[in-house]
Amino acid sequence: MKRIILFLGVLAAAFGANAQTVNLTATNGLALDTISAASSEFLTIGATGKIKANGSTSFILTVTKISGTVAGTAVLQGSHNGSDWADVVTSYTITDGTQTKAFEYDKSKYLYYRIKVTNTTGSFSYKGTYYVTSYNF
Amino acid sequence: MAGINVCASLGGEVGRGSCEVRMKYPKFPIFARSKKFSAADIADSASLKAALTAAMLLTRDDANKVFPFPVMRKIADGTAEPKKETLDDGYMEILNESLPMYTLESVTGVCQQQAMIDFNGWTDTVYIIDKDGIFWGVATDDGGCQGFSVGSLYTNPPRFGNSANIATSKTELLFGSVDEFKNKLVAIKVDFDPTKLANIVDVTLAESAAASGYVFKIKGTQSCAGNDIYAAYKLALAQTGAWKATNLTDGSSITVSSITADDATSSWFITLNNSPVIAPATKIKLEFVSPAAGALLSTPLKGIEAFSLIVTKP
(Lines give C-alpha, C1' and ligand atoms only; values in the text may rest on other atoms or scores of the structure.)
Protein backbone atom coordinates (compact mmCIF):
# COMPACT_ATOMS: atom_id res chain seq x y z
CA MET A 1 0.00 0.00 0.00
CA LYS A 2 1.44 3.31 -0.98
CA ARG A 3 1.75 5.84 1.78
CA ILE A 4 2.87 9.41 1.78
CA ILE A 5 2.50 11.15 5.10
CA LEU A 6 2.32 14.88 4.64
CA PHE A 7 2.45 16.97 7.76
CA LEU A 8 0.92 20.33 7.05
CA GLY A 9 -0.83 22.37 9.67
CA VAL A 10 -4.15 22.09 7.94
CA LEU A 11 -3.77 18.37 7.79
CA ALA A 12 -3.54 17.87 11.53
CA ALA A 13 -7.28 17.47 11.72
CA ALA A 14 -7.28 15.12 8.78
CA PHE A 15 -4.93 12.76 10.58
CA GLY A 16 -6.67 13.33 13.90
CA ALA A 17 -5.46 15.77 16.50
CA ASN A 18 -6.38 15.39 20.15
CA ALA A 19 -5.74 18.05 22.73
CA GLN A 20 -5.24 17.16 26.35
CA THR A 21 -3.83 18.65 29.49
CA VAL A 22 -1.00 16.65 31.00
CA ASN A 23 0.20 16.83 34.59
CA LEU A 24 3.86 17.56 35.06
CA THR A 25 5.85 15.47 37.50
CA ALA A 26 7.18 17.16 40.59
CA THR A 27 10.46 16.27 42.29
CA ASN A 28 8.75 13.68 44.53
CA GLY A 29 7.52 11.83 41.46
CA LEU A 30 3.92 12.88 41.98
CA ALA A 31 1.79 15.59 40.43
CA LEU A 32 1.90 17.68 43.60
CA ASP A 33 4.84 18.41 45.88
CA THR A 34 5.64 20.67 48.79
CA ILE A 35 8.66 22.85 49.43
CA SER A 36 9.13 23.81 53.04
CA ALA A 37 12.77 24.79 53.07
CA ALA A 38 14.84 27.10 50.94
CA SER A 39 15.63 24.95 47.92
CA SER A 40 14.85 24.38 44.25
CA GLU A 41 12.76 21.65 42.70
CA PHE A 42 11.58 20.89 39.19
CA LEU A 43 8.42 20.12 37.31
CA THR A 44 9.21 17.75 34.52
CA ILE A 45 7.67 14.94 32.54
CA GLY A 46 8.69 11.41 31.73
CA ALA A 47 10.92 8.89 33.37
CA THR A 48 14.01 10.85 32.44
CA GLY A 49 12.75 13.92 34.20
CA LYS A 50 12.71 15.91 30.99
CA ILE A 51 9.89 17.68 29.31
CA LYS A 52 9.73 17.04 25.63
CA ALA A 53 7.77 19.60 23.70
CA ASN A 54 4.97 17.91 21.86
CA GLY A 55 2.71 20.36 20.21
CA SER A 56 2.28 22.15 23.52
CA THR A 57 1.66 25.85 23.75
CA SER A 58 1.98 26.75 27.40
CA PHE A 59 2.94 25.48 30.82
CA ILE A 60 0.76 26.32 33.82
CA LEU A 61 2.23 26.52 37.32
CA THR A 62 -0.02 26.54 40.38
CA VAL A 63 1.40 27.49 43.77
CA THR A 64 -0.67 27.03 46.90
CA LYS A 65 0.37 28.58 50.19
CA ILE A 66 0.67 26.25 53.16
CA SER A 67 2.30 28.33 55.90
CA GLY A 68 4.63 31.20 56.68
CA THR A 69 5.31 34.09 54.37
CA VAL A 70 5.70 32.49 50.98
CA ALA A 71 8.37 33.85 48.69
CA GLY A 72 10.35 32.36 45.85
CA THR A 73 10.76 32.23 42.11
CA ALA A 74 9.73 30.06 39.21
CA VAL A 75 11.18 29.99 35.75
CA LEU A 76 10.72 28.02 32.56
CA GLN A 77 13.95 26.45 31.34
CA GLY A 78 14.85 25.00 27.97
CA SER A 79 17.44 22.54 26.75
CA HIS A 80 18.72 21.09 23.49
CA ASN A 81 19.95 17.88 25.06
CA GLY A 82 17.99 17.40 28.28
CA SER A 83 21.02 17.91 30.48
CA ASP A 84 22.17 21.51 29.95
CA TRP A 85 19.51 24.06 30.80
CA ALA A 86 18.98 27.79 30.42
CA ASP A 87 16.19 30.11 31.50
CA VAL A 88 13.99 30.91 28.53
CA VAL A 89 11.81 33.57 30.15
CA THR A 90 12.18 36.12 32.88
CA SER A 91 11.90 34.55 36.29
CA TYR A 92 8.46 34.82 37.90
CA THR A 93 8.35 36.01 41.51
CA ILE A 94 6.27 33.82 43.79
CA THR A 95 4.48 36.02 46.31
CA ASP A 96 2.71 35.27 49.56
CA GLY A 97 -0.53 33.49 48.66
CA THR A 98 -2.00 31.09 46.15
CA GLN A 99 -1.31 31.85 42.50
CA THR A 100 -1.19 30.56 38.96
CA LYS A 101 1.38 31.44 36.34
CA ALA A 102 1.31 30.57 32.64
CA PHE A 103 4.61 30.26 30.80
CA GLU A 104 4.30 30.72 27.06
CA TYR A 105 7.20 29.49 25.00
CA ASP A 106 8.53 29.06 21.50
CA LYS A 107 8.54 25.35 20.90
CA SER A 108 10.71 25.75 17.82
CA LYS A 109 13.63 26.83 19.98
CA TYR A 110 14.25 23.97 22.40
CA LEU A 111 13.52 20.28 22.39
CA TYR A 112 13.08 19.98 26.16
CA TYR A 113 11.44 22.19 28.75
CA ARG A 114 10.97 22.15 32.52
CA ILE A 115 9.90 24.52 35.29
CA LYS A 116 12.34 25.31 38.08
CA VAL A 117 10.61 26.25 41.34
CA THR A 118 12.66 27.89 44.08
CA ASN A 119 11.46 28.48 47.61
CA THR A 120 12.98 31.32 49.60
CA THR A 121 10.72 31.47 52.63
CA GLY A 122 7.51 29.90 53.86
CA SER A 123 5.99 26.64 52.74
CA PHE A 124 3.94 25.99 49.64
CA SER A 125 2.82 23.22 47.36
CA TYR A 126 3.27 23.35 43.60
CA LYS A 127 2.01 21.52 40.57
CA GLY A 128 2.05 22.06 36.85
CA THR A 129 0.38 21.08 33.63
CA TYR A 130 1.02 21.53 29.99
CA TYR A 131 -1.25 21.44 27.06
CA VAL A 132 -0.49 18.84 24.44
CA THR A 133 -1.75 18.25 20.97
CA SER A 134 -1.19 14.66 19.99
CA TYR A 135 -1.45 13.49 16.44
CA ASN A 136 -2.95 10.24 15.30
CA PHE A 137 -1.42 8.92 12.14
CA MET B 1 -7.21 -25.67 -2.84
CA ALA B 2 -5.11 -22.60 -2.50
CA GLY B 3 -4.99 -20.52 -5.64
CA ILE B 4 -2.78 -17.82 -6.97
CA ASN B 5 -4.73 -14.62 -6.60
CA VAL B 6 -3.15 -11.23 -6.09
CA CYS B 7 -6.23 -9.22 -6.93
CA ALA B 8 -6.57 -8.03 -3.34
CA SER B 9 -3.07 -6.66 -3.17
CA LEU B 10 -2.03 -5.77 -6.69
CA GLY B 11 -3.03 -2.27 -7.65
CA GLY B 12 -5.50 0.07 -6.02
CA GLU B 13 -7.30 3.37 -6.44
CA VAL B 14 -5.30 6.01 -8.24
CA GLY B 15 -7.35 9.09 -7.54
CA ARG B 16 -5.80 12.38 -6.53
CA GLY B 17 -5.98 12.99 -2.81
CA SER B 18 -6.10 16.34 -1.08
CA CYS B 19 -2.91 18.26 -0.25
CA GLU B 20 -0.86 16.32 -2.74
CA VAL B 21 2.77 17.35 -2.86
CA ARG B 22 5.43 16.95 -5.50
CA MET B 23 9.09 16.29 -4.97
CA LYS B 24 11.11 19.26 -6.17
CA TYR B 25 14.85 19.33 -6.52
CA PRO B 26 16.92 18.46 -3.43
CA LYS B 27 18.17 21.81 -2.24
CA PHE B 28 19.40 21.11 1.27
CA PRO B 29 20.71 17.62 2.11
CA ILE B 30 21.13 16.77 5.78
CA PHE B 31 23.28 13.71 6.41
CA ALA B 32 22.68 11.54 9.45
CA ARG B 33 24.19 8.40 10.88
CA SER B 34 21.31 6.83 12.73
CA LYS B 35 19.24 9.82 13.77
CA LYS B 36 15.51 9.17 13.65
CA PHE B 37 12.83 11.71 14.38
CA SER B 38 9.87 10.73 16.54
CA ALA B 39 6.25 11.38 15.66
CA ALA B 40 6.31 14.29 18.10
CA ASP B 41 9.43 15.69 16.44
CA ILE B 42 7.71 15.85 13.08
CA ALA B 43 4.29 16.86 14.33
CA ASP B 44 4.76 20.32 12.87
CA SER B 45 7.40 22.67 11.54
CA ALA B 46 8.20 24.21 14.94
CA SER B 47 8.79 20.83 16.57
CA LEU B 48 10.94 19.72 13.66
CA LYS B 49 12.98 22.90 13.90
CA ALA B 50 13.70 22.25 17.59
CA ALA B 51 14.56 18.61 16.93
CA LEU B 52 16.82 19.45 13.99
CA THR B 53 18.58 22.17 15.97
CA ALA B 54 19.17 19.80 18.87
CA ALA B 55 20.56 17.15 16.52
CA MET B 56 22.88 19.65 14.84
CA LEU B 57 24.22 20.76 18.21
CA LEU B 58 25.36 17.31 19.24
CA THR B 59 29.07 16.60 19.26
CA ARG B 60 30.54 15.32 16.01
CA ASP B 61 30.95 11.77 17.30
CA ASP B 62 27.35 11.40 18.43
CA ALA B 63 25.41 8.85 16.39
CA ASN B 64 22.35 11.10 16.48
CA LYS B 65 24.08 14.17 15.14
CA VAL B 66 23.00 15.48 11.74
CA PHE B 67 25.27 17.28 9.31
CA PRO B 68 23.70 19.87 7.01
CA PHE B 69 25.42 20.41 3.69
CA PRO B 70 25.31 23.86 2.09
CA VAL B 71 22.51 25.00 -0.18
CA MET B 72 22.60 23.24 -3.53
CA ARG B 73 22.15 25.66 -6.39
CA LYS B 74 22.23 23.47 -9.49
CA ILE B 75 20.91 19.95 -9.60
CA ALA B 76 21.15 17.36 -12.33
CA ASP B 77 19.18 14.14 -12.17
CA GLY B 78 21.66 11.47 -13.17
CA THR B 79 19.44 8.50 -12.47
CA ALA B 80 20.17 5.83 -15.04
CA GLU B 81 17.48 4.52 -17.33
CA PRO B 82 15.96 1.31 -16.02
CA LYS B 83 17.34 -1.84 -17.51
CA LYS B 84 15.04 -3.22 -20.19
CA GLU B 85 15.03 -6.16 -22.48
CA THR B 86 13.16 -6.46 -25.72
CA LEU B 87 12.37 -9.79 -27.30
CA ASP B 88 12.44 -10.44 -31.01
CA ASP B 89 8.75 -9.74 -31.45
CA GLY B 90 8.97 -6.37 -29.73
CA TYR B 91 7.78 -7.48 -26.31
CA MET B 92 9.63 -5.46 -23.70
CA GLU B 93 9.94 -5.53 -19.92
CA ILE B 94 11.63 -3.38 -17.32
CA LEU B 95 14.06 -5.72 -15.58
CA ASN B 96 15.71 -3.52 -13.00
CA GLU B 97 14.98 -0.07 -11.64
CA SER B 98 17.86 2.31 -11.19
CA LEU B 99 18.77 3.95 -7.94
CA PRO B 100 18.08 7.69 -7.84
CA MET B 101 21.28 9.68 -8.41
CA TYR B 102 21.77 13.43 -8.39
CA THR B 103 24.66 15.76 -9.02
CA LEU B 104 24.33 18.67 -6.61
CA GLU B 105 26.33 21.82 -7.18
CA SER B 106 27.04 24.33 -4.43
CA VAL B 107 29.16 27.42 -4.13
CA THR B 108 31.59 26.85 -1.30
CA GLY B 109 34.99 27.95 -0.14
CA VAL B 110 37.91 25.58 -0.11
CA CYS B 111 37.56 24.76 3.59
CA GLN B 112 33.86 24.01 3.40
CA GLN B 113 34.41 21.88 0.32
CA GLN B 114 37.16 19.96 2.07
CA ALA B 115 34.81 19.41 4.99
CA MET B 116 32.25 17.99 2.56
CA ILE B 117 34.90 15.73 1.08
CA ASP B 118 35.33 14.20 4.51
CA PHE B 119 31.90 12.64 3.94
CA ASN B 120 33.00 10.80 0.79
CA GLY B 121 32.13 7.15 1.22
CA TRP B 122 29.17 7.95 3.50
CA THR B 123 26.68 5.09 3.46
CA ASP B 124 24.33 6.01 6.27
CA THR B 125 21.32 8.21 5.64
CA VAL B 126 20.26 11.60 4.34
CA TYR B 127 17.23 13.80 4.85
CA ILE B 128 16.28 16.18 2.09
CA ILE B 129 14.69 19.61 2.20
CA ASP B 130 13.59 20.37 -1.32
CA LYS B 131 13.34 23.60 -3.23
CA ASP B 132 9.83 24.25 -1.93
CA GLY B 133 10.79 23.77 1.72
CA ILE B 134 9.42 20.26 2.07
CA PHE B 135 11.40 18.07 4.47
CA TRP B 136 11.52 14.50 3.17
CA GLY B 137 12.32 11.31 5.01
CA VAL B 138 11.32 7.67 5.21
CA ALA B 139 8.45 6.68 7.50
CA THR B 140 9.16 4.47 10.49
CA ASP B 141 6.67 2.11 12.09
CA ASP B 142 6.33 4.28 15.19
CA GLY B 143 5.05 7.29 13.26
CA GLY B 144 8.40 9.03 13.01
CA CYS B 145 10.87 9.11 10.19
CA GLN B 146 14.43 8.25 9.30
CA GLY B 147 16.72 9.39 6.53
CA PHE B 148 16.92 7.91 3.06
CA SER B 149 19.58 5.26 2.63
CA VAL B 150 22.69 6.57 0.96
CA GLY B 151 24.31 4.36 -1.66
CA SER B 152 27.33 6.50 -2.20
CA LEU B 153 28.41 10.07 -1.67
CA TYR B 154 31.22 11.92 -3.35
CA THR B 155 32.26 15.55 -3.45
CA ASN B 156 35.04 16.56 -5.80
CA PRO B 157 38.21 18.22 -4.53
CA PRO B 158 38.59 21.99 -4.92
CA ARG B 159 39.96 23.07 -8.25
CA PHE B 160 40.45 26.27 -10.17
CA GLY B 161 37.53 27.72 -12.06
CA ASN B 162 37.48 28.89 -15.65
CA SER B 163 36.37 31.99 -17.47
CA ALA B 164 33.17 30.47 -18.80
CA ASN B 165 31.54 28.85 -15.79
CA ILE B 166 31.02 29.48 -12.11
CA ALA B 167 33.30 27.31 -10.07
CA THR B 168 31.16 25.01 -7.95
CA SER B 169 31.53 22.04 -5.68
CA LYS B 170 29.95 18.97 -7.22
CA THR B 171 28.43 16.41 -4.89
CA GLU B 172 27.32 13.09 -6.36
CA LEU B 173 24.54 11.60 -4.24
CA LEU B 174 23.35 8.09 -5.03
CA PHE B 175 20.40 6.96 -2.96
CA GLY B 176 20.64 3.43 -1.62
CA SER B 177 17.12 2.22 -2.20
CA VAL B 178 14.49 2.96 -4.79
CA ASP B 179 11.93 1.08 -2.73
CA GLU B 180 12.03 3.73 -0.03
CA PHE B 181 10.56 6.13 -2.57
CA LYS B 182 7.67 3.86 -3.45
CA ASN B 183 5.60 3.65 -0.33
CA LYS B 184 7.20 4.99 2.80
CA LEU B 185 7.67 8.72 2.36
CA VAL B 186 7.19 11.38 5.00
CA ALA B 187 6.91 15.03 4.01
CA ILE B 188 6.70 18.04 6.28
CA LYS B 189 6.38 21.61 5.09
CA VAL B 190 8.88 23.68 7.04
CA ASP B 191 8.62 27.41 7.60
CA PHE B 192 12.20 28.03 8.68
CA ASP B 193 15.44 28.59 6.84
CA PRO B 194 17.55 25.48 7.47
CA THR B 195 20.74 27.41 6.77
CA LYS B 196 20.09 29.49 9.88
CA LEU B 197 19.72 26.62 12.36
CA ALA B 198 23.30 25.86 13.30
CA ASN B 199 26.50 26.42 11.42
CA ILE B 200 29.46 24.85 13.17
CA VAL B 201 33.10 24.83 12.16
CA ASP B 202 35.95 22.90 13.69
CA VAL B 203 38.50 24.64 15.87
CA THR B 204 41.98 23.50 16.73
CA LEU B 205 43.32 24.33 20.17
CA ALA B 206 46.98 24.83 21.04
CA GLU B 207 49.05 26.04 23.94
CA SER B 208 50.23 29.59 23.30
CA ALA B 209 52.82 29.39 26.07
CA ALA B 210 54.04 26.88 28.57
CA ALA B 211 51.69 26.01 31.40
CA SER B 212 52.55 27.17 34.88
CA GLY B 213 51.19 25.48 37.97
CA TYR B 214 47.49 25.01 37.29
CA VAL B 215 47.29 27.69 34.60
CA PHE B 216 47.17 26.64 30.96
CA LYS B 217 47.42 29.19 28.15
CA ILE B 218 45.27 28.18 25.23
CA LYS B 219 44.50 29.70 21.86
CA GLY B 220 42.22 28.55 19.09
CA THR B 221 42.17 28.74 15.31
CA GLN B 222 39.69 27.56 12.75
CA SER B 223 40.93 24.15 11.73
CA CYS B 224 41.09 24.72 8.00
CA ALA B 225 41.23 28.46 7.48
CA GLY B 226 43.58 29.04 10.37
CA ASN B 227 41.78 32.19 11.48
CA ASP B 228 42.39 33.12 15.10
CA ILE B 229 39.06 32.90 16.91
CA TYR B 230 40.11 35.06 19.84
CA ALA B 231 38.43 38.30 18.80
CA ALA B 232 35.14 36.66 17.96
CA TYR B 233 34.98 34.41 21.02
CA LYS B 234 36.94 36.37 23.63
CA LEU B 235 33.99 36.72 26.01
CA ALA B 236 32.26 33.42 25.28
CA LEU B 237 35.40 31.41 25.97
CA ALA B 238 36.23 33.42 29.08
CA GLN B 239 33.35 31.63 30.82
CA THR B 240 34.26 28.65 32.95
CA GLY B 241 31.14 26.91 31.67
CA ALA B 242 32.54 26.95 28.15
CA TRP B 243 35.36 24.50 28.89
CA LYS B 244 35.76 20.95 30.02
CA ALA B 245 38.88 19.48 31.57
CA THR B 246 39.44 15.79 32.12
CA ASN B 247 42.20 14.02 33.99
CA LEU B 248 43.27 11.29 31.57
CA THR B 249 44.92 9.28 34.31
CA ASP B 250 41.68 8.43 36.06
CA GLY B 251 39.06 9.93 33.77
CA SER B 252 37.81 12.33 36.40
CA SER B 253 36.48 15.77 35.57
CA ILE B 254 38.57 18.72 36.68
CA THR B 255 36.82 21.89 37.74
CA VAL B 256 37.78 25.00 35.79
CA SER B 257 38.27 27.61 38.50
CA SER B 258 38.68 30.75 36.44
CA ILE B 259 39.59 32.03 33.00
CA THR B 260 41.26 35.23 31.92
CA ALA B 261 41.19 36.46 28.36
CA ASP B 262 44.63 37.81 27.48
CA ASP B 263 44.62 40.29 24.61
CA ALA B 264 48.40 40.38 24.37
CA THR B 265 48.64 36.74 23.37
CA SER B 266 45.10 36.28 22.04
CA SER B 267 44.79 33.41 24.49
CA TRP B 268 42.68 32.26 27.37
CA PHE B 269 44.50 31.58 30.62
CA ILE B 270 42.62 28.67 32.12
CA THR B 271 43.12 27.98 35.79
CA LEU B 272 42.19 24.51 36.96
CA ASN B 273 41.15 23.65 40.47
CA ASN B 274 44.11 22.60 42.61
CA SER B 275 41.99 20.36 44.80
CA PRO B 276 42.41 17.49 44.44
CA VAL B 277 46.04 17.91 43.60
CA ILE B 278 47.01 17.02 40.06
CA ALA B 279 50.36 15.30 39.90
CA PRO B 280 53.07 16.68 37.60
CA ALA B 281 53.19 15.02 34.18
CA THR B 282 49.50 14.17 34.36
CA LYS B 283 47.86 14.30 30.95
CA ILE B 284 44.80 16.55 30.87
CA LYS B 285 42.25 16.83 28.07
CA LEU B 286 40.96 20.35 27.43
CA GLU B 287 37.99 20.97 25.17
CA PHE B 288 34.88 23.07 24.76
CA VAL B 289 31.61 21.89 26.22
CA SER B 290 29.21 20.40 23.69
CA PRO B 291 27.62 22.84 21.21
CA ALA B 292 24.28 22.18 22.92
CA ALA B 293 25.66 23.26 26.28
CA GLY B 294 27.64 26.14 24.81
CA ALA B 295 24.55 27.58 23.18
CA LEU B 296 22.95 28.02 26.62
CA LEU B 297 25.75 29.97 28.28
CA SER B 298 25.20 33.57 29.40
CA THR B 299 27.34 34.61 26.46
CA PRO B 300 26.42 31.83 24.05
CA LEU B 301 29.21 29.82 22.52
CA LYS B 302 27.88 29.20 19.05
CA GLY B 303 29.30 28.10 15.74
CA ILE B 304 32.41 26.24 16.83
CA GLU B 305 33.36 22.82 18.11
CA ALA B 306 36.93 22.14 19.18
CA PHE B 307 39.09 19.12 18.73
CA SER B 308 40.28 18.28 22.22
CA LEU B 309 43.78 19.27 23.27
CA ILE B 310 45.96 17.11 25.48
CA VAL B 311 48.18 19.12 27.81
CA THR B 312 50.64 18.03 30.46
CA LYS B 313 50.56 19.28 34.03
CA PRO B 314 53.95 20.91 34.73
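A polar contact is taken here as a pair of N or O atoms within 3.5 Å; within protein, one atom must be able to donate a hydrogen and the other to accept it, and residues adjacent in sequence count only if both atoms are side-chain atoms.

**Basis.** I worked from a predicted model, in which local features need pLDDT of at least 70 and side-chain atom pairs count only at pLDDT 80 or more, while totals for chains, interfaces and linings use all residues. Residues are numbered from 1 along each chain as its sequence is written, chains are lettered from A and ligands numbered from 1 in the order in which they are written, and side-chain values use heavy atoms, with hydrogens and water left out.

**Entry 1: helix α1 of chain B.** Helices (H or I, at least four residues) and strands (E, at least two) are DSSP runs, numbered from the N terminus. The helix covers residues 45-56 of chain B, 12 residues in total. Its span from first to last C-alpha is 16 Å, close to the 16 Å expected at 1.5 Å a residue; the expected span is 1.5 Å times one less than the number of residues.

I then checked burial, where buried means under 20% relative accessible area, exposed over 50%, and partly exposed in between (1.4 Å probe, protein chains only). Because 10 of the 12 residues of α1(B) are buried, the helix is largely enclosed by the rest of the structure. Among them are B:L48, B:L52 and B:M56. I noted that the cover over these buried residues includes β1 (26-32), β2 (36-37), β3 (66-68), β9 and β13 (185-189) of chain B, contact being heavy atoms within 4.5 Å.

**Entry 2: B:D142.** I found B:D142 in the loop between β9 (134-139) and β10 (145-146) of chain B. The residue is exposed, with a relative accessible area of 59%. Its side chain makes a polar contact with the side chain of B:T140 at 2.6 Å, and one of its side-chain polar atoms lies 3.1 Å from the backbone nitrogen of B:G144. B:A39 is 103 residues away in sequence, yet 7.1 Å from B:D142 in space, C-alpha to C-alpha.

**Entry 3: strand pairing.** Two strands pair if DSSP finds at least two bridges between them. I traced an open sheet of 4 strands in chain B, in the order β17-β16-β20-β22, with antiparallel pairing. Its edge strands are β17 (253-254) and β22 (309-312), each pairing on one side only. β20 (residues 283-288) is joined to β22(B) by 4 bridges, and B:K283 stands opposite B:T312.
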